[in-house]
Amino acid sequence: MHAELAKELSLASYRQITTLEVDGNPRRRTAKATPKSMASWLNGDNVSSSLMDNATAQVTSLELVTRMWEEAQRVAGCELVLGRAVGLPRTPSTTDTTTFASVATGVHVMLPGESEPTLIPADVVILAMGPWSAVAVEDWCGFHLPMEGIKSTSLVFHQLPRLGIEEPYACFCAEDAVEHCHLEVYPRGNGDVYVCGIGGSDHVSGDRLRYPAGDCASADAIHANPSRVQAAYRALARLSSEFAVRCVEDVATGTGGAVTGADVLQACMRPCTSDALPVMGLVPDTTNVYLSTGHNCWGILWAPVSGLAMSELVMDGRAACVDLAPFDPRRLLQPTAQHEAERVAWQQAQQSSSNSSGPGRGRKRVDQAVGEQW
């Protein structure tokens, strides 16, 4: 699907690239072993590499989502509303009165500059909020979702054409025995290099994700870990002189010149469930609220098929392009105590209503029904 989208959307960043397995740990070699590398820029002492895959493809996430949104705007009625979702008003279902089910009437959104939330009416609501989906479905729908956000630091280096253009190889590195990184190096076709797998991730859940008190309550609060940035610099410098001259003092000249480092320091929040599988499907006890989250670090990879599957599920009642059964939210969602109390109260009310209406027509002995009822 990515190849098809790249052609349809004219994505400049999409390309096939060879992937290498890289090891720079001298303690893993014998004294007689001679390091070999398939890329000349992997020239650090004791660095070796071997082919992992020659059919990998890559795309820059910013270009993909930007082009997807540009195309979406061509659809009549499509509108982007920027704001903070603060509530999901629901009412009892009028189409399914035999079960404890509710229907969402829209989403309350706090718009910039406003003091009160605005209700955006909706026929269907899909919670696709990354790790924040967990607190949303708990606070708004009464179900606990065992999912956390894994906050991880990453870097972007500009203007490294030798890596990105002349000898482009994606690199999956063995754990650095000193810095405890599992570096992943992704050269891009414009000469940039994206680096992740830096280690020291922070596992975030619950109140830390809740607005306003949580320290990770919004994407604006997610920042790179300075200590892991420095660890990545040291690990990268041991892999290649291309990184060494950017990351470590004295390596090139011994004069202690200025270190420029990476051009972009950032962090992401990878939504990861307790069983490491995505959550895609209808939220229990609702008729029109869906979840699509938990894709971990494969969000961009799985985005096209996930979007197609969710659209099929909403429009047709089932996904035809992929079997969503393994990703059903019911496998993980557990009702909160309040939700369970509301369910019990509803069941008791239903039972009371049924009892008050009597046993219906039939033969009785005093007030006890005997024989056939019709």
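**Cavity, cores and a hairpin**

Reader: Which residues line the largest cavity?
Author: Gly24, Asn25, Cys173, Ala174, Glu175, Asp176, Cys181, Leu183, Ala235, Arg238 and Leu239 line it. The model is predicted: local features need pLDDT of at least 70, side-chain atom pairs need 80 or more, and totals for chains, interfaces and linings use all residues. Numbering starts from 1 along each chain as its sequence is written, and side-chain values use heavy atoms, without hydrogens and water.

Reader: What makes a set of residues a nonpolar core?
Author: The members are buried Ala, Val, Leu, Ile, Met, Phe, Trp, Tyr and Cys residues, joined through side-chain atoms within 4.5 Å. The largest core has 29 residues; Leu42, Leu155, Phe157, Leu183, Leu236 and Phe243 touch the most other members. Strands 1, 10, 11 and 13 and helices 5 and 6 each supply at least two of its residues. Helix 5 gives the largest share, seven residues. Apart from this core lies another of 20 residues, Val125, Cys141, Leu145 and Val279 among them.

Reader: Why is Ser306 called buried?
Author: Its relative accessible area is 8%. Buried means under 20% (over 50% is exposed, in between is partly exposed; 1.4 Å probe, protein chains only). So Ser306, at 8%, is buried. Ser306 sits in helix 7, residues 299-316.

Reader: What does Ser306 contact, leaving aside neighbours within four places in sequence?
Author: Met280 and His295. Contact means heavy atoms within 4.5 Å.

Reader: How do you know that strand 16 and strand 17 pair?
Author: Pairing takes at least two DSSP bridges between two strands. Strand 16 (residues 279-282) and strand 17 (residues 289-293) have four, so they pair. They run antiparallel. The hairpin has six residues between the strands, and Asp285 takes a positive phi near 65°.

Conventions: 1 Å grid on protein atoms, 1.4 Å probe; cavity = no way out; pocket = protein on both sides within 12 Å on 5 of 7 lines; lining within 4 Å.
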